[in-house]
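Please consult the sequence and the structure while reading.

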Amino acid sequence: MSLDIKKIRNDFPILNQQVYKKPLVYFDNGATTQKPQVVIDEEAKIYSQENSNIHRGVHYLSEQLTQRYEDARKVVSEFINSAHDYEVVFTSGTTESINAVAFSFGEKYINEGDEIIISSLEHHANIVPWQMVCDREKAVLKVIPINDKGELLLDEYQKLLSPKTKIVAVNHVSNALGTVNDVKRMIDIAHQKDIPVLIDGAQSIQHSKIDVQELDCDFYVFSGHKIYAPNGIGVLYGKEKWLNDMPPFMTGGEMIKKVTFEKTTFNELPFKFEAGTPNYVAAIGLATAIKYVQKLGLENIAAYEKDLLEYATKKLNTIDGLRIIGTAENKISVISFVLENIHHYDAGMIIDKMGVAVRTGHHCAEPLMDFLNIDGTLRASFSFYNTKEEIDKLYDAILTVKQMFS
Amino acid sequence: MTLNEQQDEIIEEFSVFDDWMDKYNYLIDLSKDLPDIDPKYKTQKYLIEGCQSKVWLFAEMDNDKIKYYADSDAIITKGIAALLVRVLSGQKPENIMNNELYFLDKIGLQQNLSPTRSNGLLAMVKQMKLYAIAYNASR
């Protein structure tokens with residue numbers, strides 16, 4: 001089934017506007033995605049008719065909304081095919097999820113001299129929390145290198161795994177380059193040595209079907225706002241055995257079973273990891289967004305976005321002096337590029353004035369930029385609501401940039 | 001020329017441009033006019049690091065006036081840096097400390113000084129004022 005893009009675009013009110021008197025072309029989907037009307041309406045409906053704190057009240061509204069919050073957890077659980085609902089912990093986003101695992105897992109299992117493996121492709125959110133663990137526990141951070149195309153070197157990865165390795169934390173898809181990593185294989189390799197693996201799914205959840213049981217990952221984390229859901233909600237999926245064994249990273253209300261001044265016993269999963277009032281409105285919004293995506297069909301989305309990527313790659317490659325950074329065999333719909341002798345910031349400023357929203361800079365992946373020996377790139381990231389005509393506008397905008405700065 | 005006369009002159013120059021393209025082309029021209037900063041000042045010590053572009057800034061006293069020298073790796077940033085140098089360079093420290101910079105707003109480029117831009121320009125203005133405060137105190 002092919003997607004009816006015109007109809008889909010009407011579901012996203014923000015797309016129908018002009019910036020600098022030009023129709024908006026939104027190519028910054030890697031940073032955040034826009035929200036369909038059903039998600040916007042859901043949030044408004046909760047605040048105007050249903051709002052009440054969850055898990056606490058015996059009253060009608062509280063009970064109703066608690067049920068909807070737990071239903072949202074079921075929707076997420078089914079979406080990623082976790083074995084149990086309670087393996088889905090709601091957080092504020094990918095960053096909090098990774099910090100949570102780094103802290104809790106680090107407290108419990110990581111000691112002096114132990115090793116943590118990440119990759120050269122990581123976002124700062126999957127670097128810095130592990131550096132903090134290493135500082136605290138006197139552990140060592142090891143980094144999987146990449147080749148010139150921006151692909152992880154799996155042979156090198158295998159060599160890095162040692163008896164001291166306590167966890168591997170890698171992204172499924174690189175935010176800066178779009179590389180899709182063969183995480184299934186990486187997980188298998190780590191598991192042969194009984195090493196758990198965390199997958200940063202911030203850039204994969206919206207592009208392909210994720211099955212955490214099939215991947216057999218120990219943790220999978222993502223943000224709602226990158227999959228057409230509201231801001232401020234994210235997911236930490238963890239296998240039951242880990243979540244049960246790990247101490248909570250945040251404490252407070254709702255996560256306890258019994259509190260006395262002498263001792264506190266923690267609540268069971270997932271509540272142990274959800275201290276305080278969660279963002280239940282956004283959690284329900286996330287469920288609505290997931291249902292919207294499921295209705296379109298992730299296979300259809302993937303096929304359409306692949307088509308956009310191929311079209312854009314071909315078209316942009318015809319521009320003299322343009323170099324695409326990240327040419328992995330397996331990529332999602334992200335094109336990072338640099339223009340010869342033109343600073344990415346200058347180019348971004350002009351492209352913006354042409355109504356096209358792209359991201360410029362190091363994309364929160366400075367070590368990767370250092371490795372590639374560049375200051376930054378321009379990044380166009382496409383979603384299913386984008387069109388080839390919009391890619392043509394980006395192409396025209398780049399030609400204007402070249403003309404201005406030549 | 002006083003600091004405000006410099007600002008007014010720039011506003012006057014920009015008033016002829018009715019579209020953004022002319023304005024940015026003019027900034028590109030200005031960037032070429034900015035005298036090259038001595039390479040010995042294009043070092044880490046004088047670097048103002050923005051997330052998006054880098055700015056180098058150096059200042060010295062020339063009698064009772066401050067002279068600024070700036071550079072950037074991005075051309076548009078450099079063009080705006082050239083405007084800032086034109087307005088503030090050759091002024092007395094107290095004038096730099098006490099006068100408000102209004103010209104960027106008037107020529108529609110204030111957004112370039114927004115903290116969210118992270119191009120180093122906002123930090124550059126702060127640094128220019130800090131030089132003025134330091135020189136003023138040391139006199």
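Q: At roughly what angle do the axes of helix H3 and helix H6 of chain B cross?
A: In this predicted model, helix H3 of chain B covers residues 75-88 and helix H6 of chain B covers residues 121-138. Their axes come within 11 Å, and the crossing angle is roughly 20 degrees.

Q: Are H3(B) and H6(B) roughly parallel or roughly antiparallel to each other?
A: The axes of H3(B) and H6(B) cross at roughly 20 degrees. Angles under 35 degrees count as roughly parallel. The two helices H3(B) and H6(B) are therefore roughly parallel.

Q: Is the crossing of H4(A) and H5(A) left-handed or right-handed?
A: Helix H4 (residues 94-109) and helix H5 (residues 128-137) of chain A have axes that come within 9 Å and cross at roughly 20 degrees. This angle makes H4(A) roughly parallel to H5(A). The handedness of their crossing is right-handed.

Q: How many charged residues does the contact of H4(A) with H5(A) include?
A: From H4(A), the residues are A:Ile98, A:Asn99, A:Ala102 and A:Gly106; they meet A:Pro129, A:Trp130, A:Met132, A:Val133, A:Arg136 and A:Glu137 in H5(A). Six residues of this contact are nonpolar and two are polar, and the number of charged residues is two.

Notes: Residues numbered from 1 in each chain as written. Chains lettered and ligands numbered in written order. Predicted model: local features only at pLDDT ≥ 70, side-chain atom pairs only at ≥ 80, totals over all residues. Axes fitted to C-alpha atoms, helices over the stretch in contact; angles between N-to-C directions. Helix = DSSP H or I, 4+ residues; strand = E, 2+ residues; numbered from the N terminus. Parallel < 35°, antiparallel > 145°, perpendicular 65-115°, else oblique. Left-handed = near helix turned anticlockwise from the far one by under 90°. Contact = placed C-beta atoms within 7 Å. Nonpolar A, V, L, I, M, F, W, Y, C, P; charged D, E, K, R; others polar.
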